[in-house]
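Here are my notes for anyone opening this entry for the first time. Have a look at the sequence and the model, then read on.

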Amino acid sequence: MKKLITVVTFSLLAFVSCKQEAKQAESTSTAVETAPVEVAPVKAEVQTISLEQTTGEFNKKELTLEEGTYVFEIKNKDVDHNVGFVLAPKGKTEQEHHIKEAYVKAPVETGSASLTNEVVLTKGEYVYFCPLNPTPQYTLVVK
């Protein structure tokens, strides 16, 4: 009987001890602070739109694009002088409204091409043209 009481007492003490350790572990684990996670910004995918100019006109008379980031590649096909590229909101074609990022990085010589900087386009209507060629104003719609 004495052995039975000792075993029961020992088991009871072990059980109580385990419960206390579990409580300590639980309170310790809830006190752990996590460091904030930094997420790198995702760079928008840049799409290239190629436009070719011949004397007095662009090869594409109208463009419809999704909102996004674009680079325009302007090609001079057999125009005997430099050409360029202007993009502006529809109805606001004065120079102060031109989207400066859409200017070509260098005048486009005969038989060559030049790129614009990255241009972020949002919903709306725009026009594109070349004052050096000169061309009509063509419509660019962003949906």
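Which residues do ring pairs link into a cluster?

1. The cluster consists of Phe58, Phe72, Phe85, Tyr128 and Tyr138, linked by ring pairs. Rings of Phe, Tyr and Trp (its six-membered ring) pair if their centres lie within 6.5 Å; planes under 30 degrees apart are stacked, over 60 edge-to-face, and the rest tilted. By this rule there are 6 aromatic pairs.

2. A word on what you're looking at: this is a predicted model, where local features need pLDDT of at least 70 and side-chain atom pairs count only at pLDDT 80 or more, while totals for chains, interfaces and linings use all residues. Residues are numbered from 1 along each chain as its sequence is written, and side-chain values use heavy atoms, leaving out hydrogens and water.

3. As for the layout, the chain has 1 helix and 9 strands (DSSP runs numbered from the N terminus: helices are H or I with at least four residues, strands E with at least two). Starting at the N terminus, the order is α-β-β-β-β-β-β-β-β-β.

4. Back to the rings. Phe58 and Tyr138 form an edge-to-face pair, because their planes stand at 85 degrees, with the ring centres 5.8 Å apart. This pair joins distant parts of the chain: Phe58 sits in strand 2 (residues 57-58) and Tyr138 in strand 9, 80 residues apart. Phe58 is buried, at 0% relative accessible area, and Tyr138 is buried too, at 7%. (Buried means under 20% relative accessible area, exposed over 50%, partly exposed in between, using a 1.4 Å probe and protein chains only.)

5. Phe85 and Tyr128 make a tilted pair, 6.1 Å centre to centre with 40 degrees between the planes.

6. Now the largest nonpolar core, which has 24 residues; Phe72, Phe85, Leu87, Leu121 and Leu140 touch the most other members. (Such a core is a set of buried Ala, Val, Leu, Ile, Met, Phe, Trp, Tyr and Cys residues joined through side-chain atoms within 4.5 Å.) Among the elements giving two or more residues to this core are strand 1 (46-54), strand 4 (68-76) and strand 9 (138-142).

7. Finally, the whole chain: 27% of its 143 residues count as buried. Of the contacts (heavy atoms within 4.5 Å) with a separation of 6 or more, 61% come from residues 24 or more positions apart.
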